[in-house]
Amino acid sequence: MMNNNILEVRDLKVSFRTYAGEVQAVRGVSFDLKKGEVLAIVGESGCGKSVTAQTIMRLIPSPPSIIKNGSIKFNGKTEITRLSNREMEKIRGSEMGMIFQDPMTSLNPTMTVGKQITEGIVKHHKVSGEEANKRALEILKLVGMSNPEGRMQQYPHEFSGGMRQRVMIAIALACSPKLLIADEPTTALDVTIQAQIIELMKKLSEKTEASIIVITHDLGVVAEMAQRVIVMYAGKVVEQGTVDEIFYESKHPYTWGLLRSVPRLDQDKDNELVPIPGTPPDLFSPPKGCAFAARCPYAMSVCGQIDPEHTVLSETHSAACWLLHEGAPKVERPVEAGGAAR
Ligand code: SF4
């Protein structure tokens, strides 16, 4: 049978060794990404979403990070966790691209934008400088840059924040990657520019057929861009589903909390935002039961004892919560999380 997945992550565990002990940042994450699909990974800061993404790209130095367990299979055959740094470098920039939150920290301030785009093309595709220039101009046009010939000669500081983000996207796209990972791609931008960058990335995913993982805490970005969503909490996936399943049928109290605490583009601006009380658990020694128990208004005694398994709710939807057990009390989705909307 033909494998339609560009990425298969299985039981991934990533820790950081520190003087104070081991931080278990990612604690058994599994998911698939289909070819051409846009997947959002959401959660509060420290939930393990960025560590998961950077481990897929092997961008976190080891030590201090260690992949303790699991598999990351890319394009049906390449086992990312076993590649040498050299082999991985070949894949990064040719088959995978990354877009960071702050372009200023990832762009080289001393090199023209044209040089930064063509460098990767020449290195990974072994084409002439002239060919690479032609390709760079095409990409700058594709990301909506006017006067691309002139822009090629300029340095990053001569660009506005939104334009710099377009340059970063152009660099990531230069080698026609099969997988693009965008880590909080719009967080540093103002609202109007955010909308333009989201629109651009949506268009690009359709045009280039690249699969995209968007790491974000912003549910507006999720609603606008993604087809499927993974909700992470304390290093684990607590719920996953299509955008509609997460926005309108979610079953996990943490997802409800996120929906109430983060502004959504599809909701009235006057809707009151309710922060999730409490803080995430200490990942030096994660709790033995459900990691959300200390903050969950529905916690039962079993929650503090045993970590719930995922309950399958549809072909695309699953959640890890004891409330889904047949013997659990019936709890309705709160109105502020969209419970009365349907
Ligand atoms: Fe709340 Fe228990 Fe569900 Fe965890 S398992 S989210 S504590 S109800």
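1. Contact between α7 and α8. In this predicted model, helix α7 contributes G162, Q165, R166, I169 and L173 to its contact with helix α8. From α8, the residues that meet them are I193, Q196, I197, L200, M201, L204 and T208. By class, the contact residues comprise seven nonpolar, four polar and one charged.

2. Geometry of the helix pair. Two packed helices are described by the angle between their axes and the distance between the axes. Here α7 spans residues 161-173 and α8 spans residues 191-208. The packing angle is about 20 degrees, and the axes are 10 Å apart. Angles under 35 degrees count as roughly parallel, and α7 and α8 are therefore roughly parallel to each other. Their crossing is right-handed.

3. Domains. The domain assignment of the protein places residues 5-226 in domain 1 and residues 238-337 in domain 2. Between the C-alpha centres of domain 1 and domain 2 the distance is 28 Å. Domain 1 puts 22 residues into the contact, and domain 2 puts in 17 residues.

4. Domain interface. The size of an interface is often given as the accessible area lost when the parts come together. For domain 1 and domain 2, about 1,500 Å² is buried between them. Carbon and sulfur atoms account for 66% of that area. Which three residues supply more than any other three of the area that domain 1 buries against domain 2? They are R27, E44 and L219, with 39% of that area.

5. Cis peptide bonds. The bond from S62 to P63 is cis, and its omega is near -5 degrees. The bond that joins P63 and P64 is also a cis peptide bond, with omega at about 10 degrees.

6. Backbone at D11. Where does D11 lie? The residue is in strand β1, which covers residues 5-18. Phi of D11 is near 45 degrees, a positive value in a residue other than glycine.

How values were computed: Residues are numbered from 1 along each chain as its sequence is written. This is a predicted model: local features need pLDDT of at least 70, side-chain atom pairs count only at pLDDT 80 or more; totals for chains, interfaces and linings use all residues. Side-chain values use heavy atoms; hydrogens and water are left out. Axes are lines fitted to C-alpha atoms, for helices over the stretch in contact, and angles run from 0 to 180 degrees between N-to-C directions. Helices (H or I, at least four residues) and strands (E, at least two) are DSSP runs, numbered from the N terminus. Angles under 35 degrees count as roughly parallel, over 145 as roughly antiparallel, 65 to 115 as roughly perpendicular and the rest as oblique. A crossing is left-handed if the near helix is turned anticlockwise from the far one by less than a right angle, and right-handed if clockwise. Contact means heavy atoms within 4.5 Å. Ala, Val, Leu, Ile, Met, Phe, Trp, Tyr, Cys and Pro count as nonpolar, Asp, Glu, Lys and Arg as charged, and the others, Gly among them, as polar. Domain bounds come from an automatic or database domain assignment. Buried area is the accessible area (1.4 Å probe) that two parts lose on being put together, summed over both.
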